[in-house]
Amino acid sequence: MRGTPRISGTLLGALTCVAALLVTGATATPAGAAPTPGPAVRQVSAAAQEHARDFWTPQRMRAAKPLDLLSVGRHAGSGTAPREGTPRTVAPTARDLGVQAFPNGGGAWTGGGRVVTTAGRVFFSYQGRTASCSGNAVTSANKSTVVTAGHCVKLEGAWHTNWVFVPGYHDGQSPYGRWTATRTLSTPQWTASEDINYDIGAAVVAPLDGRSLTDVVGGQGMAFDTGYSQRMYAFGFPAAAPYDGEKFIYCSGTTSRDFLLSRDHGMTCNMTGGSSGGPWFSQFSEATGTGLLSSVNSFKYNFLPNRMYGPYFGADAQNLYQAAQSS
């Protein structure tokens, strides 16, 4: 992870984003303002989908690197908490396995289970460069929805192109195929001002060989308005040192609420660039590798390098999920 972006005029130093893009958000809509608009959507043409599928060769996937850190001085959260909605869960779409370490600060996942097929790497082009994040397939009406971080679909005012999801990625290989986005979506707060509290993204992917995504790899459940201080598991494909993007890494622990610049969940975790957008699960079963996706890897403070933060899934996260699965 390179670079030291600063938050001007504070003693807090810098925020360090964790994705291949490694950036965060800015300001939220004030309470009492006009109704929040719905999620923003980028449509992807059939020709662009075909180009993206052909573009991501094994060589390009291996070569995709985390981008240099960008300045986040204007991305600090406004302090406005995510809007609460009605608590809701969506069940997973499911092998008896050995118990993994809990808590764990970042080690290879050896448990197997459904998570090794639903989670994967996200690849895309950004400002002429190839980059990667992480993502996860979820239960959805269209059987084609992937949840990731907002900055893994749109950054600095530009939607990413050549966007593909590779579930079960390893060593440049795509054991379940390369799934191209037909549209990418993010919360209105991230799209408008890159608010750190709303760094949530989604993609709807095209069928592959006549089959829908979750019919092939399964889908994890979803949970909204879970509260804080939860036992959670975080997963991703970190690609910045000491990782190389080739190993499926997990962290686990009891979360706490960020008391600095966001209203995010926080967890002890040493994953690095490339892991952004990777899923955080509550009610996670090591026996089956299934859980309820309740946040995603989003950012780190550079003075807390072993602590990861992920956005709280409130009403706007629910709206984003609904817009994606209804597409």
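User: In this predicted model, is Asp215 buried, partly exposed or exposed?
Analyst: Buried would require under 20% relative accessible area, and exposed over 50%. Asp215 has a relative accessible area of 40%.

User: Which residue does Asp215 meet in a salt bridge?
Analyst: The structure holds 1 salt bridge. The N to O distance is 3.4 Å, against a cut-off of 4 Å. The side chain that meets Asp215 there belongs to Lys143.

User: How many residues apart in sequence are the parts that Lys143 and Asp215 tie together?
Analyst: Lys143 sits in the loop between S6 and S7. Asp215 belongs to helix H5, residues 213-217. The pair therefore ties together parts whose separation in sequence is 72 residues.

User: What is the relative accessibility of Lys143?
Analyst: Lys143 counts as partly exposed. That class lies between the 20% and 50% cut-offs. The value for Lys143 is 36%.

User: How many disulfides does the protein have?
Analyst: A pair counts when its sulfur atoms lie within 2.5 Å. Cys133 and Cys152 pass, with sulfur atoms 2.2 Å apart. Cys251 and Cys269 pass as well, at 2.1 Å. The count comes to 2.

User: What is the handedness of the disulfide between Cys133 and Cys152?
Analyst: The torsion about the S-S bond of Cys133 and Cys152 decides this. The torsion is about -85 degrees, so the disulfide is left-handed.

User: Where in the chain does Cys152 lie?
Analyst: Cys133, its partner, is in strand S6, 19 residues apart from Cys152. Both Cys133 and Cys152 are buried. Cys152 lies in the loop between strand S7 (145-148) and strand S8 (154-155).

User: What is the handedness of the disulfide between Cys251 and Cys269?
Analyst: Here the torsion about the S-S bond is about 65 degrees. With that torsion, the disulfide of Cys251 and Cys269 is right-handed.

User: Which strand holds Cys251?
Analyst: Cys251 and Cys269 are both buried. Cys269 is in the loop between strand S17 (265-268) and strand S18 (279-285). Its partner, 18 residues apart, is in strand S15 (residues 249-254).

User: What pattern do the disulfides of the protein follow?
Analyst: Bonded cysteines are counted along the chain. Cys133 pairs with Cys152, and Cys251 pairs with Cys269. The pattern is 1-2, 3-4.

User: Why do the buried residues of helix H1 lie on the same side?
Analyst: Helix H1 spans residues 46-55, and Gln49, Ala52 and Phe55 are buried in it. They share one side of H1 because the arc they cover around the axis is only 130 degrees.

User: Which residues are exposed on the other side of H1?
Analyst: The buried residues of H1 pack against helix H2 (58-63) and strands S5, S6, S10 and S11. On the other side, the exposed residues are Ala46, Ala47 and Asp54.

User: What percentage of the residues in the protein are buried?
Analyst: There are 6 helices and 21 strands. The accessible surface comes to about 11,900 Å², with 51% belonging to carbon and sulfur atoms. Of the 327 residues, the buried share is 60%.

User: Over which stretches is the pLDDT below 50?
Analyst: The protein averages a pLDDT of 82, and 77% of the residues score at least 70. Beyond near neighbours in sequence, one stretch below 50 has 136 contacts in the model, and another has 37. These are residues 1-35 and residues 67-75.

Terms used
Residues numbered from 1 in each chain as written. Predicted model: local features only at pLDDT ≥ 70, side-chain atom pairs only at ≥ 80, totals over all residues. Heavy atoms only, no water. Helix = DSSP H or I, 4+ residues; strand = E, 2+ residues; numbered from the N terminus. Buried < 20%, exposed > 50% of the residue type's maximum accessible area, 1.4 Å probe, protein only. Areas by Shrake-Rupley, 256 points an atom, 1.4 Å probe, with all protein chains shown as cover. Arc of directions from axis to C-beta. Contact = heavy atoms within 4.5 Å. pLDDT = per-residue confidence, 0-100.
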